[in-house]
Amino acid sequence: MYGKAIVSLAFIILLLISFSLFIGTVDIRSYFFASPDGAHNLPCTPTHTQSSPSVPLKVYMYDLPRRFNIGMMQWKKGGGDDTPVRTAEELPRWPVNVGVRKQHSVEYWLMASLLGSGGEGEEREAVRVLDPEIAEAYFVPFFSSLSFNTHGRNMTDPETEKDRQLQVDLIDFLQNSKYWQRSGGRDHVIPMTHPNAFRFLRQLVNASILIVADFGRYPKSLSTLSKDVVSPYVHNVDSFKDDDLLDPFESRKTLLFFRGNTVRKDKGKVRAKLEKILAGYDDVRYERSSPTAEAIQAETLLPLAGFSMLLLATVFRSL
């Protein structure tokens with residue numbers, strides 16, 4: 001009897017630890033002192049003692065010309081202002097009707113969050129600092145996913161050269177930065193959520209902290225859980241907002257909802273196994289679909305209860 005109780009307790013503890021790893025707060029500081037296979041073995045030497053967990057991480061954001069980020073959001077051809085974006089007021093709103101591109105808009109929201117940080121009385125896990133000498137991390141605001149979608153989506157047309165040239169120019173910029181040289185890029189954060197983003201010169205940033213959606217097309221020498229952050233895709237459907245405000249948990253009758261492509265990387269082994277495990281439960285909706293514009297437009301997000309949508313997105317997108 002006691003043996004069964006001990007086994008059950010151990011299983012529950014293991015389950016809680018697993019959930020914490022998926023939905024817990026990511027401490028970027030822990031990535032500064034571990035280099036991935038094939039990465040630079042240069043030591044990272046912060047300019048001062050690391051902050052305690054209660055103090056926000058100090059992040060310096062490079063002043064990159066607009067062609068590296070929001071310039072790609074202006075669909076009209078031609079030149080224009082290429083000065084860096086330095087305030088939240090200068091940042092345009094993310095377009096409403098951009099289709100699947102919204103999945104890879106994490107790079108935009110990270111930049112927006114840093115530009116809007118620093119308000120009095122506002123608790124944040126990371127704040128932007130204007131002095132790079134006191135920074136603990138360095139954010140590179142290159143919209144690499146939007147660059148692929150805008151310039152090189154077909155991967156063979158002449159527009160692809162623009163995507164490649166941006167990567168060449170960015171690498172040249174970083175390698176001339178003393179802060180990049182000081183750590184070999186290990187304390188630099190680079191968004192790369194599209195699987196084809198930064199595809200020409202990825203190997204030159206293999207030491208940096210990459211913001212990825214999954215590891216499907218990255219070798220271990222480039223991207224690994226030992227240093228990188230897995231960010232779920234931004235949803236293409238509206239969130240459910242019709243809860244009973246008096247008791248929002250009980251008003252939701254669906255425990256888990258998934259609708260997407262079950263056959264993905266590595267023949268979708270993880271998703272197929274989850275489909276079998278979850279089959280037959282009345283409060284679980286697991287449906288097959290395809291990532292077409294019509295499917296996204298027809299999608300209905302059912303009310304959920306008792307399960308984190310963030311965890312769902314992480315599990316299904318990264319495995």
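Is Phe198 buried or exposed? Phe198 counts as buried, because its relative accessibility is 0% (buried means under 20% relative accessible area, exposed over 50% and partly exposed in between, using a 1.4 Å probe and protein chains only). Keep in mind that this is a predicted model, where local features need pLDDT of at least 70, side-chain atom pairs count only at pLDDT 80 or more, and totals for chains, interfaces and linings use all residues. Residues are numbered from 1 along each chain as its sequence is written, and side-chain values use heavy atoms, with hydrogens and water left out.

**Phe198 and its loop**
- You'll find Phe198 in the loop between β4 (188–191) and β5 (209–212); helices (H or I, at least four residues) and strands (E, at least two) are DSSP runs, numbered from the N terminus.
- Phe198 isn't a glycine, yet its phi is positive, at about 60°.
- Most residues other than glycine have a negative phi.

**The nonpolar cores**
- Phe142 and Phe198 have the most contacts inside the largest nonpolar core, which has 48 residues (such a core is a set of buried Ala, Val, Leu, Ile, Met, Phe, Trp, Tyr and Cys residues joined through side-chain atoms within 4.5 Å).
- Elements giving two or more residues to this core include β1 (57–61), β3 (137–139), α4 (160–175) and α5 (178–183).
- Helix α2 gives the most to this core, with 5 residues.
- There's also a second, separate core of 5 residues, and Leu256, Phe258, Leu278 and Tyr286 are among them.
- Leaving aside neighbours within four places in sequence, Phe142 is in contact with residues including Leu64, Phe68, Met72, Glu107 and Phe198 (contact means heavy atoms within 4.5 Å).

- Glu107 sits in helix α2 and is buried, with a relative accessible area of 2%.
- Its side chain reaches two backbone nitrogens: that of Ser145 at 3.2 Å and that of Leu146 at 2.9 Å.
- These are polar contacts, meaning pairs of N or O atoms within 3.5 Å; within protein, one must be able to donate a hydrogen and the other to accept it, and residues adjacent in sequence count only if both atoms are side-chain atoms.
- Not counting residues up to four places away in sequence, Glu107 also touches Phe139, Phe142 and Pro191, among others.

**Helix α3**
- In helix α3 (residues 144–151), 7 of the 8 residues are buried, so the helix is largely enclosed by the rest of the structure.
- Among the buried ones are Ser144, Phe148, Asn149 and His151.
- The buried residues of α3 pack against α2, α4 and β4.
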